[in-house]
Amino acid sequence: MTSHKLSINGAEHVVEVPSDMPLLWVLRDQLGLTGTKFGCGIGQCRVCTVHVDGVAVPSCQLPVSDAAGKALTTIEGLATDGRHPVQQAWIDEQVPQCGYCQSGQIMGAVALLAANPRPSEAEVDAAMRAYVCRCGTYNRIRRAILRASEAER
């Protein structure tokens, strides 16, 4: 076990875990931040996406040792009231069906809009291609991202 200092959602945490433990398990099992979900475990579905220094990263593939000293944001850290513009657009467009992938999708969308505040439909599709939704709500996801980009203007 090794001590790791993490900055998550603006709060400092110290965890005693193996250095190779994936950040996903530290968030969920050690810190109780269960908004980040487990999907495939191999970084292919992006359900477990968090922001690391503002970049969307699958947390199932990031060792906690690589996350130490970086600014980490989970779905819980987007807005204290759950009403970040992307979250609100998700509600307005009724995106979730089963809802399981939504925290990863939202984190990906927020990172996209931070990098490209006014994306085209094609740019949204390209940026979100790696995010798997088993229910197939991709059209609603696209609409929500475009709605959020309008709301942030």
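## Packing of helix 3 and helix 4

The axes of helix 3 (residues 85-92) and helix 4 (residues 102-115) approach within 9 Å and cross at roughly 125°. Axes here are lines fitted to C-alpha atoms, for helices over the stretch in contact, with angles running from 0 to 180 degrees between N-to-C directions. Helices are DSSP runs of H or I with at least four residues, numbered from the N terminus. Helix 3 and helix 4 are therefore oblique to each other; angles under 35 degrees count as roughly parallel, over 145 as roughly antiparallel, 65 to 115 as roughly perpendicular and the rest as oblique.

The crossing of helix 3 and helix 4 is right-handed, a term for the near helix being turned clockwise from the far one by less than a right angle. Helix 3 contributes Val86, Gln87 and Trp90 to the contact, and helix 4 contributes Gln102, Gln105, Ile106, Ala109, Val110 and Leu113, where contact means heavy atoms within 4.5 Å. By class, 6 of these residues are nonpolar, 3 are polar and none is charged. Ala, Val, Leu, Ile, Met, Phe, Trp, Tyr, Cys and Pro count as nonpolar, Asp, Glu, Lys and Arg as charged, and the others, Gly among them, as polar.

## Basis of the model

This is a predicted model, in which local features need pLDDT of at least 70 and side-chain atom pairs pLDDT 80 or more, whereas totals for chains, interfaces and linings use all residues. Residues are numbered from 1 along each chain as its sequence is written, and side-chain values use heavy atoms, without hydrogens and water.

## Salt bridges at Glu93

The structure holds 4 salt bridges, each a side-chain nitrogen of Lys or Arg within 4 Å of a carboxyl oxygen of Asp or Glu. One of them joins Arg143 and Glu93, at 3.0 Å from N to O. Arg143 lies in helix 6 (residues 138-151) and Glu93 in the loop between helix 3 and helix 4, 50 residues apart. Glu93 is buried at 15% relative accessibility, while Arg143 is partly exposed at 42%; buried means under 20% relative accessible area, exposed over 50%, and partly exposed in between (1.4 Å probe, protein chains only).

Glu93 also forms a salt bridge with Arg147, with 2.9 Å between the closest N and O atoms. Arg147, likewise in helix 6, is 54 residues from Glu93. Arg147 is partly exposed, at 37%. Asp92, Glu93, Arg143 and Arg147 are linked in a network of salt bridges.

Arg142 and Asp125 meet in a salt bridge at 2.8 Å, N to O. The pair connects helix 6 to helix 5 (residues 121-128) across 17 residues. Arg142 is buried at 19% relative accessibility, and Asp125 is partly exposed at 31%.

Note on methods. Helix = DSSP H or I, 4+ residues; strand = E, 2+ residues; numbered from the N terminus.
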